[in-house]
Amino acid sequence: MSEPATSAPRVDLLRGLIEGTTDPAEAEQSLREIQAELAAFRLEYSCGMEEVATKINILRQEFEQTQDFGPIEHVKTRLKSMDSLVDKMRRIDCPPDLDAVRERIRDIAGIRVTCAFVEDTYRVAEMLTRQPDLTVLETKDYIATPKANGYQSLHLIVEVPVFLSDRSINVPVELQIRTIAMDFWASVEHRIYYKYDGAVPDDLQQALLTVASTASDLDGQMGRLRDEIQSLATSE
Ligand code: 0O2
């Protein structure tokens, strides 16, 4: 039987991928090893992400039982896609080596927590970071100091231990904690940014800044409303 038509390009691809290997069987074996290594690499991050997501869900369930205004509205987890990881490696000039990637890229596992009120973003961050098995590696408070384009969010990189069958590893997880209004803004801005491939026209940039300020006002008004409701409830 003749080889499938795709065989030659496939062998070429393998040759390109694996430096110095000309034997297709050897190349295939190497590719399988790379695949297994990458799968194990991604598993580390997905386990770390699950550990932190579980902590957040425990807090959420507890608050649902005990409070009228639980601080957590939505939780979204994501593992950075391979494309996005490779883009970032290129952008920061990271060598194609998994140890270097582990060292230099700390947002492979990401969790976004959306809260109704600004105050809650800090409460959630505080409740998580005081847990003894989480280590805060970095904090960026874009709520106190928004980015020049208007982006607001509280970013933390936390490290969580993951216990595997034969060893334990510390996995960094990026947490983005923000209000619903901030999240709405960020999701629209993200679409605009990609539509214009990063070169957003001036008038749109200005409009985004105005909307960011409106979102911030809304957060302030909602916070004051909640305070009023809570002070009424305690005086009853
Ligand atoms: P994705 O698809 O979410 O992974 P970096 O930009 O990652 O090189 P740094 O210092 O690691 O630099 O990032 P930072 O400032 O903590 O922000 C990282 C993430 O925050 C981004 O991830 C976005 O998700 C979000 N973010 C930061 N700035 C903006 C912004 O101006 N607009 C919006 N919509 N989101 C922002 P990635 O890797 O870009 O994308």
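**Notes on the predicted model**

1. Let me start with Lys80, which counts as buried, at 8% relative accessibility. Bear in mind throughout that we are looking at a predicted model. Lys80 sits in the loop that runs between β1 (74-79) and α3 (82-91). Leaving aside residues up to four places away in sequence, Lys80 touches Arg42, Leu85, Lys88, Asp107 and Ile108.

2. Now the overall layout. The protein chain has 7 helices and 5 strands, and going along the sequence they come in the pattern α-α-β-α-α-β-α-β-β-β-α-α. The protein chain has 236 residues, and 35% of them count as buried. As for contacts with a separation of 6 or more, 62% of those in the protein chain are between residues 24 or more positions apart.

3. Next, the aromatics. How many aromatic pairs does a search of the whole structure find? The search turns up 4. One of them joins Tyr142 and Tyr151: the ring centres are 5.8 Å apart and the planes lie at 65°, so this pair is edge-to-face (the label applies over 60 degrees). Tyr142 and Tyr151 are both buried.

4. Tyr151 also pairs with Trp185, and here the geometry is tilted, with 6.5 Å from centre to centre and 50° between the planes. This pair links distant parts of the chain, as its two residues are 34 residues apart. Tyr151 lies in the loop between β3 (135-141) and β4 (154-163), while Trp185 belongs to helix α6 (residues 180-195). Is Trp185 buried or exposed? Trp185 is buried, with a relative accessible area of 6%; Tyr151 is buried too, at 12%. Taken together, Tyr142, Tyr151 and Trp185 make up one aromatic cluster.

5. The axes of α6 and helix α7 (residues 202-235) come within 9 Å and cross at roughly 165°. With the cut-off for roughly antiparallel set at over 145 degrees, α6 and α7 therefore count as roughly antiparallel to each other. The crossing of α6 with α7 is right-handed. On the α6 side, Ala181, Met182, Trp185, Glu189 and Ile192 take part, and they meet Leu204, Leu208, Val211, Ala212, Ala215, Leu218 and Asp219 of α7. By class, that contact has 10 nonpolar, no polar and 2 charged residues. Note that Trp185 turns up both in the aromatic cluster and in the contact of α6 with α7.

6. Helix α2 (residues 24-66) and helix α5 (residues 118-129) have axes that come within 11 Å and cross at roughly 120°. An angle from 65 to 115 degrees would be roughly perpendicular and one over 145 roughly antiparallel, so α2 and α5 are oblique to each other. Their crossing is right-handed. From α2, Lys55, Ile56, Leu59 and Phe63 meet Arg123, Met127 and Leu128 from α5. The residues of this contact divide into 5 nonpolar, no polar and 2 charged.

How values were computed: Residues numbered from 1 in each chain as written. Predicted model: local features only at pLDDT ≥ 70, side-chain atom pairs only at ≥ 80, totals over all residues. Heavy atoms only, no water. Helix = DSSP H or I, 4+ residues; strand = E, 2+ residues; numbered from the N terminus. Buried < 20%, exposed > 50% of the residue type's maximum accessible area, 1.4 Å probe, protein only. Contact = heavy atoms within 4.5 Å. Axes fitted to C-alpha atoms, helices over the stretch in contact; angles between N-to-C directions. Parallel < 35°, antiparallel > 145°, perpendicular 65-115°, else oblique. Left-handed = near helix turned anticlockwise from the far one by under 90°. Nonpolar A, V, L, I, M, F, W, Y, C, P; charged D, E, K, R; others polar. Phe/Tyr/Trp six-rings, centres within 6.5 Å; stacked < 30°, edge-to-face > 60°.
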